[in-house]
Amino acid sequence: MHPNALLDLATELLRQVLKFDAPADTVVSGFFLQHRQLGPRERHTLAETAYHVLRQRLLLQHFAQSGAGALERRLAILGWQGDERFLQGALGPKEQQWLAQVRLVDVATLPEKLRHNLPDWLVAPLKQFLPEAEFWPLVDSLARPAPLDLRVNLLRLKREAAVEELARAGIAAQPTPYSPWGLRVDGKPALNKLDIFTRGDIEVQDEGSQLLALLMGVKRGEMVADFCAGAGGKTLALGAAMRNTGRLYAFDVSGHRLDKLKPRLARSGLSNVYPVQIAHERDERIKRLAGKIDRVLVDAPCSGLGTLRRNPDLKWRQSPQAVAELRDKQQAILASAARLVKPGGRLIYATCSLLEDENERIAEAFAESHRDFAPLPAAAVLEQAKVADAQQLVTGPYLRLWPHRHATDGFFAAVWERR
Ligand SMILES: C[S@@+](CC[C@H](N)C(=O)[O-])C[C@H]1O[C@@H](n2cnc3c(N)ncnc32)[C@H](O)[C@@H]1O
């Protein structure tokens with residue numbers, strides 16, 4: 001493709017992404033469906049350019065104030081993540097000159113806002129929660145793409161055997177530092193045509209998400225509920241940890257998301273999972289199971305701000321109002337799900353948010369109004385699950401994972417045992 005044609009496509013993609021009326025990953029995949037002629041390298045350039053602009057939006061918009069032509073074209077040039085010679089081939093002499101000028105600016109001299117690229121409403125709570133020295137390391141980690149983590153289906157294959165099989169396919173992978181199930185892969189290789197993937201021996205899953213499943217400590221033959229199962233990232237990990245025995249309910253209000261679980265379930269070979277679409281958290285089918293379940297996971301709908309490395313658009317699409325609405329939902333779902341837990345059973349509330357409002361505040365309010373649930377310290381629970389360096393993964397009694405500390409997405413979890 002001619003350089004200018006690819007830059008035009010990047011401009012058009014940015015125009016669509018920056019409307020913020022749909023998640024960026026949905027817009028990008030829809031765009032690729034409309035432009036089937038694009039090869040893998042061109043797709044990579046377009047997607048990474050769009051994501052880079054989303055990550056560095058305030059800085060790049062500041063630079064884009066100078067220069068001429070459509071704003072989105074200027075942003076595409078500034079955020080270009082493809083071959084540099086290719087980019088230069090698409091630019092006119094004036095654009096080349098402008099870009100050279102912009103690149104001379106020392107970003108370190110610019111105001112803080114242009115360096116952290118975060119909205120004010122998010123900066124304030126992060127600065128309040130984190131030790132001062134950690135704010136900029138967090139910003140740096142959020143400015144980079146997330147690594148690719150896999151979970152090995154230990155029902156089928158040992159981790160070492162998976163490493164060897166991936167190596168034979170030219171893919172280098174190392175064991176993840178904390179999760180005994182995980183591998184971290186170099187680069188972003190396509191996995192979905194590999195035999196090891198199609199036979200269900202590996203799944204893509206962030207190490208942090210694996211740690212949430214480990215926290216459940218499921219055992220053979222138990223009754224378990226994944227209350228907000230979605231496309232089943234944690235469901236699949238739990239089903240395998242139960243050694244394909246017992247009964248694992250995968251509840252969700254979204255049939256569309258549960259549909260995405262089905263092909264993954266088929267690959268995994270699990271037969272202990274029961275996906276159930278519910279109308280809402282007080283659905284009759286839930287009530288019937290009250291007091292009968294050994295372990296319940298509430299992976300609550302949340303702002304997703306812990307996944308900014310993958311979904312940088314969320315910092316521009318979320319708002320304090322949206323977080324306030326989510327809090328009400330989180331409280332209602334947690335209170336309803338808690339009714340399922342039998343005496344002596346375990347309850348986990350988890351999010352992929354960085355905000356205390358969606359995390360500690362929800363857990364504290366629940367504990368206050370549910371004296372029959374005794375808090376369990378997450379570090380001890382992780383140690384029981386043979387997770388290495390469990391103490392490094394917690395803040396107080398809670399699991400608290402951070403991209404800059406643990407190279408995982410941001411996750412929170414609180415654990416209780418019903419008395
Ligand atoms: C964080 S996502 C779950 C991700 C999933 N556990 C995974 O590991 O892939 C939250 C899920 O909660 C679901 N949800 C929203 N409201 C709900 C409700 N009232 N009851 C149950 N699930 C709900 C959403 O449809 C969404 O799939």
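In strand E3, Gly-182 is the bridge partner of Arg-151. The model is predicted: local features require pLDDT of at least 70 and side-chain atom pairs count only at pLDDT 80 or more, while totals for chains, interfaces and linings use all residues. Residues are numbered from 1 along each chain as its sequence is written. Helices (H or I, at least four residues) and strands (E, at least two) are DSSP runs, numbered from the N terminus.

**Sheet**

- Four strands form an open sheet in the order E2-E3-E1-E4, with antiparallel pairing; two strands pair if DSSP finds at least two bridges between them.
- E2 and strand E4 (202-204) are the edge strands, each of which pairs on one side only.
- From one strand to the next, the twist averages 35 degrees.
- Strands of a sheet pair through backbone hydrogen bonds, either parallel or antiparallel.

**Strand pairs**

- Strand E1 (residues 148-152) pairs with strand E3 (residues 182-185) in the antiparallel sense over four bridges.
- Opposite Leu-148 stands Val-185 in E3.
- Strand E2 (residues 173-175) also pairs with E3 in the antiparallel sense, over three bridges.
- Opposite Pro-175 stands Leu-183 in E3.
- E2 is joined to E3 by a hairpin through six residues.

**Helix packing**

- Helix H1 (residues 3-17) packs against helix H3 (residues 40-55) at an angle of about 45 degrees, and their axes are 10 Å apart.
- Axes are lines fitted to C-alpha atoms, for helices over the stretch in contact, and angles run from 0 to 180 degrees between N-to-C directions.
- The angle therefore makes H1 oblique to H3 (under 35 degrees counts as roughly parallel, over 145 as roughly antiparallel, 65 to 115 as roughly perpendicular and the rest as oblique).
- The crossing of H1 past H3 is right-handed, a term for a near helix turned clockwise from the far one by less than a right angle.
- H1 contributes Leu-6, Leu-9, Ala-10, Leu-13, Leu-14 and Val-17 to the contact, and H3 contributes Glu-42, Thr-45, Leu-46, Thr-49, Ala-50, Val-53 and Leu-54 (contact: C-beta atoms, placed from the backbone, within 7 Å).
- The contact of H1 with H3 comprises 10 nonpolar, two polar and one charged residues; Ala, Val, Leu, Ile, Met, Phe, Trp, Tyr, Cys and Pro count as nonpolar, Asp, Glu, Lys and Arg as charged, and the others, Gly among them, as polar.

**Ligand shell**

- Cys-228, Gly-230, Gly-233, Ser-254 and Asp-299 come nearest among the 19 residues around the ligand (near: C-beta atom, placed from the backbone, within 6 Å).
- Helix H14 (233-241) and strand E6 (247-252) are the elements that give two or more residues to this shell.
- The shell around the ligand has eight nonpolar, six polar and five charged residues.

Technical notes. Contact = placed C-beta atoms within 7 Å.
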